[in-house]
Amino acid sequence: MYNNCCFAGSHTLGQARCVRFRGRIYNSPLPIDAAFNSSLTAICPPTAPTGDATLQPLDLVTPNTFDNNYFLNLRASRGLLISDQVLFNGDSADSIVTEYADNPATFDSDFAAAMVKMSEIEVLTGTSGIIRTVCTSAT
């Protein structure tokens, strides 16, 4: 759980298209900050394909800085994607999100350690491996 939550913190960088966060702002049962939701509905209409390509930073506070603001956003119900906000939703990951929100140095060191651990996973190649050509679809 720690590694998955830690890796999710990489969403402190990058952007998502409206087509990917529309469900969060219009159909998600997860809590969402009212002002955050209002700012998103202003740029992402409820009906596709209008606005589908509109981009929004995954971290609205420091979108170009690798830091722990992603976790602060989750605590404030400002996770852009459902897969983000579900990490802070009254379940077991809440304590990890809180730890990383309160202790940026812990997030930094855990993220570095998780990256090293992931780099040690042997890559499957040739007919043993699978290359996703559509990242949103499980093969």
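Predicted model: local features only at pLDDT ≥ 70, side-chain atom pairs only at ≥ 80, totals over all residues.
**View 1. Arg22 and Asp52 form a salt bridge.** Let's start with one of the two salt bridges that the structure holds. Arg22 pairs with Asp52, and their closest N and O atoms are 2.7 Å apart. The partners come from distant parts of the chain, 30 residues apart: Arg22 belongs to helix H2 (residues 18–26), while Asp52 sits in the loop between helix H3 (34–41) and strand E2 (55–57). Is Arg22 buried or exposed? With a relative accessible area of 9%, Arg22 is buried. Asp52 counts as buried too, because its relative accessibility of 17% falls under the 20% cut-off.

**View 2. Asp102 and Arg75 meet in a salt bridge.** Here the side chains of Asp102 and Arg75 come together, with an N to O distance of 2.8 Å. Asp102 lies in helix H6 (residues 94–102) and Arg75 in helix H4 (residues 69–75), so this pair ties together parts of the chain that are 27 residues apart in sequence. As for accessibility, Asp102 counts as partly exposed at 44% relative accessibility.

View 3. To find your bearings, begin with Met115, which lies in helix H7 (residues 104–119).

Notes:
Residues numbered from 1 in each chain as written. Heavy atoms only, no water. Helix = DSSP H or I, 4+ residues; strand = E, 2+ residues; numbered from the N terminus. Salt bridge = Lys/Arg side-chain N within 4 Å of Asp/Glu carboxyl O. Buried < 20%, exposed > 50% of the residue type's maximum accessible area, 1.4 Å probe, protein only.
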